[in-house]
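Below is a walk through one protein structure, taking a pocket and then a sheet. The sequence and coordinates come before the text.

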Amino acid sequence: MGIRFARCWRIAAVALAGLIVAGCATGRLDATKPVGPEAREIDGLMRLSGWMAVGVGIFVAAAVATIIVKFRAKPTDDPDDLPPQIHGNRKAELTWTLIPTAMLIFLTVYTLPTVFALAREGTGPTIKVEGQQWWWQFSYDLDEDGHYDIVTANDLVIPTGEEINLELHSNDVIHSFWIPQLNGKRDVVPGRIHDWRIRSDEPGIFYGECVEFCGLSHANMQMRTIALAPRDFERWVQEQLDGQAAAQAAPAEGSPEAAGAALFETHCISCHVVDGTYESAAGGNANLLAGIAPNLTNLMSRTAFAGALFETYRPDGSLNEAELREWVRNAPEMKPARADNQQGMLDFAEVLTDQDLDNLMAYLKTLGSPPVLP
Ligand code: CUA
């Protein structure tokens with residue numbers, strides 16, 4: 001009795017834990033409301049196979065219930081008397097072989113064209129996507145001259161009504177790129193380039209995540225696609241280019257921004273890039289040097305920072321200064337990264353004074369204009 005009671009409790013505890021975990025979902029990653037054509041195809045297949053499974057489940061449950069009731073042992077039955085055996089019954093065996101076979105063939109016929117359609121190469125403009133521990137970088141070669149004109153992180157900004165080609169690269173380990181409302185998952189493998197496509201015909205923000213375990217902050221390797229109407233997209237492009245030009249102008253001497261820029265050049269520049277801060281290297285083209293950490297040239301134009309773990313702006317549109325400042329002060333506290341002391345942003349808590357942080361924040365606020373939102 002005691003054992004059975006303990007077991008019930010254990011099962012109840014597991015069920016409760018499951019409910020709590022399910023309740024943690026933010027609802028931002030949503031594969032049930034497809035927007036892109038590929039996501040809609042995948043959703044259709046999921047629903048088809050799901051409803052078939054529901055049908056089979058109901059049939060099996062009903063059959064089991066019927067058999068339990070109809071063929072249960074009666075008090076008058078002789079306990080040594082076995083029911084009629086149907087081993088080798090051709091009709092029964094053909095039935096339970098042919099029906100599942102027919103169902104699987106049906107599913108295959110529906111699935112294969114989708115599998116091939118998803119693997120086809122896209123026709124639209126290409127954006128280079130780089131996954132690394134633990135954030136995503138997006139590079140745009142607008143005039144297709146082999147030079148990346150815009151390099152950004154976390155926010156993948158695309159125009160609506162156009163198929164966008166993604167060229168997926170990994171700079172370290174295997175990641176997986178997934179924006180559920182726009183397309184399925186695609187592995188991002190070091191040494192290989194995988195093509196993927198996304199398309200949205202409506203403006204919006206579509207959230208995504210890395211879905212291949214890639215180390216300590218795998219769960220914190222998020223990104224979002226911001227689909228903008230073509231005119232807004234053009235505005236975003238122009239503002240990015242303007243931001244690059246503006247970042248090259250030195251802040252007024254003696255200002256907090258200038259003090260911040262000097263601190264940036266002392267502490268941040270070995271990982272982060274801002275256009276104009278590398279005059280002597282790469283012909284002043286910071287994008288050639290970006291890679292270890294996000295290019296911050298247009299930091300303020302991004303909706304999120306730290307692998308899209310934190311919002312750059314509060315719901316009322318004001319800068320999320322408290323978290324950004326805390327991130328600059330002691331990043332490992334906010335996003336675990338340095339178990340082996342080899343990865344991620346450093347802890348500057350012992351290095352930067354409050355005054356330094358004020359100055360750095362003043363400088364960071366000059367980098368780029370506010371985001372263009374759908
Ligand atoms: Cu990158 Cu998980």
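**Pocket and sheet**

α6 gives the most to the lining of the largest pocket, with 3 residues. This is a predicted model, in which local features need pLDDT of at least 70 and side-chain atom pairs count only at pLDDT 80 or more, while totals for chains, interfaces and linings use all residues. Residues are numbered from 1 along each chain as its sequence is written, and side-chain values use heavy atoms, without hydrogens or water.

The elements that each supply at least two residues of this lining are α5 (256-267), β11 (304-305), α6 (321-329), α7 (331-334) and α8 (354-364). Helices (H or I, at least four residues) and strands (E, at least two) are DSSP runs, numbered from the N terminus.

The largest pocket holds about 690 Å³ of space. Its lining has 36 residues, and those closest to the centre are His 272, Ala 293, Pro 294, Trp 327 and Met 345. A pocket is an open set of points on a 1 Å grid over the protein atoms alone, where a 1.4 Å probe fits, with protein on both sides within 12 Å along at least five of seven lines; lining residues have an atom within 4 Å of a point. Grid points are joined across faces, edges and corners, and the volume is the space filled by probe spheres set on them. By class, the lining comprises 24 nonpolar, 9 polar and 3 charged residues. Ala, Val, Leu, Ile, Met, Phe, Trp, Tyr, Cys and Pro count as nonpolar, Asp, Glu, Lys and Arg as charged, and the others, including Gly, as polar.

An open sheet of 5 strands runs in the order β4-β10-β9-β6-β7, with mixed pairing; two strands pair if DSSP finds at least two bridges between them. β4 (155-159) and β7 (186-188) are at the edges with a single partner strand each, so one side of each has no neighbour in the sheet. Within the sheet, β9 (residues 204-210) and β10 (residues 222-228) run antiparallel, joined by 6 bridges.
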